[in-house]
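Reader: Can you walk me through this one? Keep it quick.

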Amino acid sequence: MSTPAAEHAPGRAPDAGTAARARGLTKAYGSGETAVLALDSVDVDIARGRFTAVMGPSGSGKSTLMHCLAGLDSVSAGRVWLGDTEITGLKDGELTRLRRDRIGFMFQSFNLIPTLNAAENITLPMDIAGRRPDPRWLDQVVDTLGLRDRLTHRPAQLSGGQQQRVACARALVSRPELIFADEPTGNLDSRAGLEVLGFLRGAVDDLGQTVVMVTHDPGAAAHSDLVLFLADGRIVDEMERPTAETVLERMKAFDAVRGRLGDGGPVLED
Ligand SMILES: Nc1ncnc2c1ncn2[C@@H]1O[C@H](COP(=O)(O)OP(=O)(O)OP(=O)(O)O)[C@@H](O)[C@H]1O
């Protein structure tokens, strides 16, 4: 069972380095009168070996930020790095390889292949890349996620939580530099959701991984080391060692300010 980050030793020391970085990251969709500024000159550093949550109202740019940091979406202006590699300006083929070799993804829909069993789903991305998983690491991931006795089951024979754990193992197995999780508990009941959050927490604490998770849920964000708050395409605040209560309070404070200013008013600055 998982416990919130506040009850854990914090993830690795902040000086472990930067897993991803953006400067002046700007993303506009469309043009002319219908243009939407999804990200407005965002500067962000994702610390290695930590669990970072990204929160904000619907439409604030959370998914866009994740997609731009992961090289899934092009940027309109600004620069993005994965580790020391600048990804802005890479060609499509180079980006595909970089994502495949260095990034793990977990989405709300698990995206498991129904005809493959759990073990085959876990190793599929590495099989496609023609790489063999490190057997000891694979064992550790499978045991950490409690999947040992489920490896020969197909997705339809697994519960939602177990399927999400398989998706988690798949994201971890190549030992990526960075794992992006977009609402990974969105489709799960609260018990299965807690389990997955506990495993992501464990991936950081026990396996030294780096996780960035987009979520709407203050309870989910409480499992992270640091919460970044987005509003209107800008990072307007951040919170170390969050609890569900402190995150909820901060969100209410934003809503109150936004309510006073009216929709489309200036964003809250710190
Ligand atoms: N492909 C697209 N074309 C046009 N506009 C887009 C596109 N993708 C996102 N947007 C717009 O960019 C803004 C940010 O969207 P984004 O999906 O990043 O927000 P979000 O915070 O993840 O929202 P949610 O919590 O609802 O998932 C929104 O106004 C959205 O409508």
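**Backbone, ligand shell, packing**

Author: S41 counts as partly exposed because it has 14 C-beta neighbours inside 10 Å. Partly exposed lies between buried (20 or more other C-beta atoms within 10 Å) and exposed (12 or fewer), with C-beta atoms placed from the backbone. This is a predicted model: local features need pLDDT of at least 70, side-chain atom pairs count only at pLDDT 80 or more, and totals for chains, interfaces and linings use all residues. Residues are numbered from 1 along each chain as its sequence is written.

Reader: Where is S41 found, and what is its phi near?

Author: S41 is in strand 2 (residues 36-47). Its phi is near 55°, a positive value in a residue other than glycine. Strands (E, at least two residues) and helices (H or I, at least four) are DSSP runs, numbered from the N terminus.

Reader: What about E183: what is its phi, and where is its place?

Author: E183 has a positive phi of about 50°, and is not a glycine. E183 sits in the loop between strand 7 (178-182) and helix 6 (190-205). E183 is partly exposed because 19 other C-beta atoms lie within 10 Å.

Reader: New topic. Which residues surround the ligand?

Author: Y29, G30, V36, A38, G56, S58, G59, S60, G61, K62, S63 and T64. Near here means a C-beta atom, placed from the backbone, within 6 Å of the molecule.

Reader: Which elements give two or more residues to that shell?

Author: Strand 2 and helix 1 (62-69). Helix 1 gives the most, with three residues.

Reader: How does the shell divide by class?

Author: Three nonpolar, eight polar and one charged. Nonpolar covers Ala, Val, Leu, Ile, Met, Phe, Trp, Tyr, Cys and Pro; charged is Asp, Glu, Lys and Arg; the others, Gly among them, are polar.

Reader: Now helix 3 and helix 5. At what angle do the axes cross?

Author: Roughly 35°, and the axes of helix 3 (residues 118-128) and helix 5 (residues 160-172) come within 7 Å. Axes are lines fitted to C-alpha atoms over the stretch in contact, with angles from 0 to 180 degrees between N-to-C directions.

Reader: Which residues make the contact?

Author: A118, N121, I122, L124 and P125 of helix 3, with V166, A169 and R170 of helix 5. Contact means C-beta atoms, placed from the backbone, within 7 Å. Those residues divide into six nonpolar, one polar and one charged.

Reader: Last one, strand 8. Which residues point which way?

Author: V211 and M213 point one way from strand 8 (residues 211-214), V212 and V214 the other way, and all are buried.

Conventions:
Contact = placed C-beta atoms within 7 Å.
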